[in-house]
Amino acid sequence: MLLLLSLLVAFTLFSPTPFVHSHYNWSPSSSSTSSNFQSEWRPARATYYAAADPRDVVGGACGYGDLERNGYGKATAGLSTVLFDKGQICGACFEVRCVEDLRWCIPGTSIIVTATNFCAPNYGFDLDGGGHCNPPNAHFVLPIEAFEKIAIWKASNMPIQYRRIKCRKEGGVRFTIGGAGIFLSVLISNVAGSGDIVAAKVKGTRTGWLPMGRNWGQNWHVNADLKNQPLSFELTSGDGGTLTSYNVVPKNWNFGQTFEGKQFGS
C-alpha cells in the first residue's frame, strides 16, 4: 500500500461548538473565470487504499482532521508530488474517470474528489513499481469506496484522466482556531469555487489587516496578540476571488473552536 503522509495537529481539531455566521463581502476578480481551471482532461494513474487504517480517517497532509466528521467523506484523494504543489492544492476539486482498460473500467462513470492528502514518493522503487507517486508521475490515491465507483478493485493501478473543476460545498467557509499565546493558527476548510486559498489576512478590532503565512496544507498563521477581540478574515482563492468575513470570530473565542463564515460565490 502506498505511503500516505498523515499529520495530526491538536490545534486544528473541530470542537462541538455551534458554527457562528458572519457578515461578508465577496468579489470575483477579472481572473476568476473557468479558464483558470484545467478544463481539459489530463492523463494520470490511480490506486486505492483500504479504509481500515485509522490514519486514513483522521489526519492527512492538508490538516483537515477527521474527513468524515468534517464533511469530506470518502470523496477525497492523496496526490503525488507533481500535483500536490507543496500543499497549495489542498481543497481543490477534481473530476476523475477511468480510461483505456475496458476489462476494469466502469463505462460512463466519473467521480469528484477533493485534494486532502499527499502521496509521498518512494525512491526505493522505480516509477512503474512501488514508486507510483515519484516525480514526474501524476498519481491519485483514492479510498477504495471512491475507486470502485469508476473501476473494478482488481484493476489496482489504473490509467485515468482528471480535470480540475469548481468545488461545491454546503455551508460557509470554516475557520478552526488553533495555536497558543500570541501564535494564532487557523485551518481554513470547506472552501467552494477553486477550493484552495492562496492568501489570507486577519484583523482584530484593535489591529489593521495582518497578512498570514501558510504553514502547511491550508493552515495559516500569524504572530499577534488577538485575544479578547472579534476577528475578521480576508481570503484570496486560487482563481483570484476574494472573500471578506467580518467579525466571524466573536470576542470571547478560544483555541480549538470552529466558526463559519459565508462562502465564495454566495
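The model is predicted: local features need pLDDT of at least 70, side-chain atom pairs count only at pLDDT 80 or more, and totals for chains, interfaces and linings use all residues. Residues are numbered from 1 along each chain as its sequence is written, and side-chain values use heavy atoms, with hydrogens and water left out.

## Overall

The chain has two helices and 17 strands. Helices (H or I, at least four residues) and strands (E, at least two) are DSSP runs, numbered from the N terminus. Of the 266 residues, 50% count as buried. Buried means under 20% relative accessible area, exposed means over 50%, and partly exposed lies in between (1.4 Å probe, protein chains only). The chain exposes about 12000 Å², and carbon and sulfur atoms supply 55% of that area. Accessible areas come from the Shrake-Rupley method with a 1.4 Å probe; for residues, only the protein chains shown count as cover.

Contacts mean heavy atoms within 4.5 Å. Among contacts with a separation of 6 or more, 72% are between residues 24 or more positions apart.

## Two nonpolar cores

A nonpolar core is a set of buried Ala, Val, Leu, Ile, Met, Phe, Trp, Tyr and Cys residues joined through side-chain atoms within 4.5 Å. The largest core holds 35 residues. Leu79, Phe84, Phe94, Val96, Phe140, Leu142 and Tyr162 touch the most other members. Several elements each supply at least two residues of this core, including strand E3 (42–49), strand E4 (76–79), helix H1 (81–84) and helix H2 (144–147). Strand E6 gives the most, with four residues. A second, separate core has 24 residues, among them Phe175, Ala200, Val222 and Val249.

## Rings

Rings of Phe, Tyr and Trp (its six-membered ring) pair if their centres lie within 6.5 Å; planes under 30 degrees apart count as stacked, over 60 as edge-to-face and the rest as tilted. The chain has eight aromatic pairs by this rule. Phe94 and Phe140 pair edge-to-face, 5.6 Å centre to centre with 80° between the planes. Phe94 lies in strand E5 (residues 93–98) and Phe140 in strand E7 (residues 139–143), so the pair ties together parts 46 residues apart in sequence. Both Phe94 and Phe140 are buried. Phe175 and Phe233 are stacked, at 4.5 Å centre to centre and 15° between the planes. Phe175 sits in strand E9 (residues 174–180) and Phe233 in strand E15 (residues 231–237), 58 residues apart. Phe175 and Phe233 are both buried. Ring pairs also join Phe94, Phe140 and Tyr162 into a cluster.

Two rings have a charge over them. A charge sits over a ring if NZ of Lys or CZ of Arg is within 6 Å of the ring centre and within 35 degrees of the ring normal. The charged end of Arg97 sits over the Trp41 ring, 3.8 Å from its centre. The charged end of Lys227 sits over the Phe255 ring, 5.3 Å from its centre.

## Salt bridges

Side chains of opposite charge can pair when their charged atoms come close. A salt bridge is a side-chain nitrogen of Lys or Arg within 4 Å of a carboxyl oxygen of Asp or Glu. The count comes to six salt bridges. Some of them are tabulated here.

| Salt bridge | N to O distance |
|---|---|
| Glu95 and Arg163 | 3.0 Å |
| Asp196 and Arg164 | 3.0 Å |
| Glu234 and Lys201 | 3.8 Å |

Glu95 is in strand E5 and Arg163 in strand E8, so this pair ties together parts 68 residues apart in sequence. Glu95 is buried at 14% relative accessibility, while Arg163 is partly exposed at 25%.

Asp196 lies in the loop between strand E10 (183–189) and strand E11 (197–204), and Arg164 lies in strand E8, 32 residues apart. Both Asp196 and Arg164 are buried.

Glu234 in strand E15 and Lys201 in strand E11 are 33 residues apart. Glu234 is partly exposed, with a relative accessible area of 22%. Lys201 is partly exposed too, at 32%.

## Around Cys167

Cys167 lies in the loop between E8 and E9. Cys167 is buried, with a relative accessible area of 5%. Leaving aside neighbours within four places in sequence, Cys167 contacts Gly91, Ala92, Cys93, Val191, Ala192, Gly193, Ser194 and Gly195.
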